Amino acid sequence: MSPSSNGDAAILPFRVFIGYDPREDMAFEVCRHSLLKRSSIPLSISPILQPQLRSSGLYWRQRGPTESTDFSFTRFLTPFLAGFRGWALFIDCDFLYLADVSELVALIDPGCAVMCVKHDYAPKESTKMDGVVQTAYPRKNWSSMVLYNCGHPKNRALTPEVVSTQTGAHLHRFMWLDDDDIGEVPFAWNFLVGHNRVEPGDLETLPRAIHYTSGGPWFEEYKDCEFAELWLDELEEYEKEKEKEMKELPAEGI
């Protein structure tokens, strides 16, 4: 269905907010590239930049020892950044899209406040990425990819003050919502590397979006992880396109 409730807004780009961390800049670029390359609908993609939010007075939370990225909590500002209107998608930067995101948008249920993959995930390792602490908690990874109904009255609770002061449990477990407000999408749209499995002959288990949740091939220690070759192929394509753009810049300036 359309992410908007009226015909005029339906033609506007669908908004995607990607969590950004300077340690994972290339992951962000590849994620963005994979979205744009495969999308059949116009997208407006914005990084969520913690320093920018801090300088604007929109985020003042002191970073805690369990925050593995710059966007551990800023992700919950998505409805606010979207002006509390329409629908928007938040994703971590360590995603690789293999399918058209319009297929995910088509799953939107206007009766929900948020929609996500309801993982039952308990990490086995004690560290992840480049050595940061791995934490386990209920509903882990639910917040790593969320379709937000930004205009839903209950999501107005996600103000800069709440995101800057509420507990991690309150935010990551969606405790500002009732369970019935949380819609579900197939796990293929948040396919956790090392956790989810492709079942032979079952097309529903093929990943639509791969999530390198413990660390991806942009980190040396994860360069040979499952599905690493897909990310590296996307990186190579992105770099070739970037190189081509740079070569064309002087001609455009003449």
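I looked up an open sheet of three strands, which has mixed pairing and the order β4-β11-β10. Its edge strands, each pairing on one side only, are β4 (95-97) and β10 (191-192). I took strands as DSSP runs of E with at least two residues and helices as runs of H or I with at least four, numbered from the N terminus; two strands pair if DSSP finds at least two bridges between them.

The model is predicted: local features need pLDDT of at least 70 and side-chain atom pairs count only at pLDDT 80 or more, while totals for chains, interfaces and linings use all residues. Residues are numbered from 1 along each chain as its sequence is written, and side-chain values use heavy atoms, with hydrogens and water left out.

I next examined β10 and β11 (residues 209-211), which run parallel and are joined by two bridges. F191 stands opposite I210 in β11.

I then turned to N155, in the loop between β8 (145-149) and α6 (160-165). N155 counts as buried because its relative accessibility is 0% (buried is under 20% relative accessible area, exposed over 50%, partly exposed in between; 1.4 Å probe, protein chains only). The N155 side chain reaches the backbone oxygen of A113 at 2.9 Å. Beyond its neighbours within four places in sequence, N155 is in contact (heavy atoms within 4.5 Å) with residues including P79, F84, Y148 and W176.

Of its 69 residues, L35, L89, I91, Y97 and M145 touch the most other members. Leaving aside neighbours within four places in sequence, I91 has contacts that include L35, Y97 and M145.

Definitions and conventions:
Polar contact = N/O pair within 3.5 Å; in protein donor to acceptor, adjacent residues only side chain to side chain. Core = buried A, V, L, I, M, F, W, Y, C linked by side-chain atoms within 4.5 Å.
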